[in-house]
Every structure is written in C-alpha cells, then in structure tokens.
Amino acid sequence: MIAFWTTYGFYLWIGSSLLILGLLVWIGHLSKRLRATDQRYTALTKGVDAEHLEDIWLQRSLQVAHHDDQITTLEREVRRLGRSSLHHVGLVRFNPFGDVGGDQSYALALLDGEQTGVVLSSIYSRSGVRTYAKAVQRGQSTHTLSEEEVASIAQALGQFDAPESAALPATTGGNS
C-alpha cells in the first residue's frame with residue numbers, strides 16, 4: 001500500500017485538486033445564475049402580495065389590463081383634442097383700394113381638423129381699419145365671403161384653386 005501511495009500519490013493529489021477546483025468553478029457559475037434568477041424573481045414580485053407564481057402572473061396581467069385601459073382612454077382624449085386644435089392656417093394679403101399703398105389688408109383663416117373655425121378679415125383704408133370675423137363650418141360659411149376670404153380658406157385647406165381675382169397668398173413677413 002505504501003508503494004501505491006509513493007508511486008501514484010502525487011497524481012492522486014493533482015487529480016483531486018483539479019476536481020475540487022472544477023467543482024468550485026461550477027459552484028461559482030451556479031451561484032451567479034441563482035443570483036440572477038433571484039433578482040428577476042424579486043423584480044417580478046415587487047409590489048405583489050402573493051404566494052404562488054400563478055397569483056403573481058394574474059395580478060400582473062390585471063395591472064397590464066388596467067394600464068392598457070388607461071392608455072386607450074388617453075389616446076381617445078388626445079385624438080379628441082387633436083381634432084379641435086388648430087390644423088389649417090391660410091393668410092391672404094391684399095390692397096382693396098388703389099389709393100392706399102401696399103397690401104395692408106388681410107384675410108386669415110384659422111381652422112381645426114374638422115375644417116371648422118373662423119375667418120378674420122382686416123380692411124385697411126386711409127380713414128381707418130375695420131375687422132370682421134366670420135364663422136366657418138366644414139370649410140363653408142353661412143355668411144357671404146369675399147374673394148380674399150375664400151382664397152384664405154382655400155390656402156388653409158391646401159386648395160389653391162381660389163378665384164382668380166383674389167390676391168395671391170402673401171408671405172408672413174413685414175408690411176410691403
């Protein structure tokens with residue numbers, strides 16, 4: 001027996017050491033995976049008072065359904081607000097009288113997503129300035145519109161086939 005240990009003892013010691021080292025590496029790997037799994041489980045069960053995984057999944061699915069309902073409600077509200085916000089703007093500057101220099105008068109169309117809003121007109125003359133407002137429903141007005149007002153609505157809606165006698169849309173720059 002002593003001859004066996006003398007001959008093979010060193011090899012047995014090296015083999016045992018490598019086996020122990022391999023087992024330690026394997027235990028370290030398993031420990032790391034266990035920590036990661038524990039962290040995921042802790043994140044999953046955070047804020048949930050349940051003992052079984054099935055109860056946790058049920059509570060989480062109810063929370064997701066509740067959030068989905070909230071998102072749907074918010075989406076409807078955003079769409080409603082979007083339809084009623086300012087979508088279309090058209091500005092036509094013109095000179096209604098030959099004795100006044102520059103295009104000081106204008107027609108401004110302000111319409112929402114349903115083509116409803118107002119046309120504001122300002123007529124500049126030497127004796128004063130007059131301002132008019134006319135309601136617009138679905139791109140049409142119940143009031144009689146001037147050519148410039150029709151042109152401003154057409155410009156706002158992207159329809160540039162306004163009456164030929166209307167002034168061309170002007171830039172939003174300073175007075176000409």
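In which helix do Glu77 and Arg80 lie, and how many residues apart? Both belong to helix α2 (residues 53–84) and sit three residues apart, about one turn of the helix; helices here are DSSP runs of H or I with at least four residues, and strands are runs of E with at least two, numbered from the N terminus. The model is predicted, so local features need pLDDT of at least 70 and side-chain atom pairs pLDDT 80 or more, while totals for chains, interfaces and linings use all residues. Residues are numbered from 1 along each chain as its sequence is written, and side-chain values use heavy atoms, without hydrogens and water.

Side chains of opposite charge can pair when their charged atoms come close. With a salt bridge defined as a side-chain nitrogen of Lys or Arg within 4 Å of a carboxyl oxygen of Asp or Glu, the count is four. One of them joins Glu77 and Arg80, at 2.6 Å from N to O. Glu77 is partly exposed, at 35% relative accessible area (buried means under 20%, exposed over 50%, partly exposed in between; 1.4 Å probe, protein chains only). Arg80 is likewise partly exposed, at 42%.

A further salt bridge connects Glu149 with Lys134, whose closest N and O atoms are 3.0 Å apart. This pair links distant parts of the chain, since Glu149 is in helix α3 and Lys134 in strand β4, 15 residues apart. Glu149 is buried, with 3% relative accessibility, and Lys134 is buried too, at 17%.

Turning to helix α1 (residues 2–45), this is where Trp13 is placed. Trp13 counts as exposed because its relative accessibility is 56%.
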